[in-house]
Amino acid sequence: MSHSILIYEYGGPEVMKWEETSLHHPGKNEVRIEQKKVGLNFIDVYQRSGIYPLSLPTGIGMEAVGVVETIGVDVVNVKVGDRVGYVMGPPGAYAESRLYPADRLIKLPDYISDSQAAAILLKGLTVSYLINKTFPVKKGQTVLFHAAAGGVGLFACQWLNKLGVEVIGTVSTDEKAGIAKAHGCHHTINYTREDFTTRVEEITDGKGVPVVFDGVGEDTYFGSLKCLSPFGVLVSFGAASGPPPELALAVLAKKALYITRPSLAPHTATPELTEEISSPLFEAIRGGISISINQTFPLKDAANAHRALQSRRTTGSTILEI
């Protein structure tokens, strides 16, 4: 028997139940994975709370690393014993073992550990599509990245810095400001004490930035628009503070602004699309970008991990140990 976290209703962290589960033999194009590490992400909170509705009862979680235990028929891309990771796909990563579609698995390079992969696959692939596809950044540009000390933010700061991009990052504490600076953020703004729109204007001499990467949502949405230079792009890729409010398109007209709402799921919908963003990610890690794992929790205590994440008491990445 294996154990998984299941939810039978939407709500706070307390709705997650640690239970015994049984798995059948893998079906066609399916594998059974013995999981080693599980990644914690805000999408897990959205699933648990019902912001992203699922069919109840259900498991939650979208990212994990493990070893292929058993394969079903027609599986050709992996074999028993392969070390693999995955992101997105069917929810249910909060488990000791699980069944998963074979064609969505990502083989892991030897130079990336299980913990590193679980900490960075979803967040790193997110950064990869943001800066390589959604808004291909160029050397010499200045960008604003919200939540610069979070898991996505710290990785983005390093990667952007290596590309020669000047990074302005928002944070909630002075401690987080120090962490973000240590990871390549050139200018930090503590939004609890400063108006970030005013500071961005000062830092850029009134020019604004060509792009804002905003995973916060409601709290920063309109301020992010104010920070953009003419023809700038607001990349709204998350909603940690709540969904962004409704926006009249006429607001964009004065500076001919653009807004996009990308997500990781379409960028990992096929093996070919996944390869397009995973290859640059793995090369960036090989090139020396570090992976900050600043919190660990036992998987069965995932409720405490959710509480820490939602209260913004975490920095970098958090992994759940099996």
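Which residue just after H1 takes a positive phi? Gly50 does, at about 95 degrees. The model is predicted, with local features requiring pLDDT of at least 70, side-chain atom pairs counted only at pLDDT 80 or more, and totals for chains, interfaces and linings using all residues. Numbering starts from 1 along each chain as its sequence is written, and side-chain values use heavy atoms, without hydrogens and water.

Helices (H or I, at least four residues) and strands (E, at least two) are DSSP runs numbered from the N terminus. Helix H1 spans residues 42–49 and is mostly covered. Six of its eight residues are buried, where buried means under 20% relative accessible area, exposed over 50% and partly exposed in between, with a 1.4 Å probe and protein chains only. The buried set is Ile43, Asp44, Val45, Tyr46, Gln47 and Arg48. These residues pack against strands S1 (2–7), S2 (16–21) and S3 (30–39), and against helices H2 and H9 (302–310). Contact here means heavy atoms within 4.5 Å.

The largest nonpolar core holds 53 residues. Such a core is a set of buried Ala, Val, Leu, Ile, Met, Phe, Trp, Tyr and Cys residues joined through side-chain atoms within 4.5 Å. Phe145, Phe155, Leu160 and Phe213 touch the most other members. Helix H2 (residues 114–134) supplies the largest share of this core, 11 residues. Leaving out residues up to four places away in sequence, Phe145 touches residues including Leu130, Val152, Leu160, Phe213 and Phe237. Another core, of 29 residues, lies apart from the largest one. Val68, Ala303, Ala308 and Leu309 are among its members.

H2 also packs on helix H3 (residues 151–162). The angle is about 50 degrees and the axes are 9 Å apart. Axes are lines fitted to C-alpha atoms, for helices over the stretch in contact, and angles run from 0 to 180 degrees between N-to-C directions. H2 is therefore oblique to H3; angles under 35 degrees count as roughly parallel, over 145 as roughly antiparallel, 65 to 115 as roughly perpendicular and the rest as oblique. On the H2 side, the contacts include Ile120, Gly124, Val127 and Ile131. The H3 side includes Val152, Phe155, Trp159 and Leu160.

Cysteines complete the analysis. A disulfide is a pair of cysteine sulfur atoms within 2.5 Å, and the count is zero. The sulfur of Cys185 is 4.2 Å from the closest cysteine sulfur, in Cys157, too far for a bond. Cys227 is in no disulfide either, as the nearest cysteine sulfur, that of Cys185, is 13 Å away. Cys185 is buried, with a relative accessible area of 5%. Cys227 is buried, at 3%.
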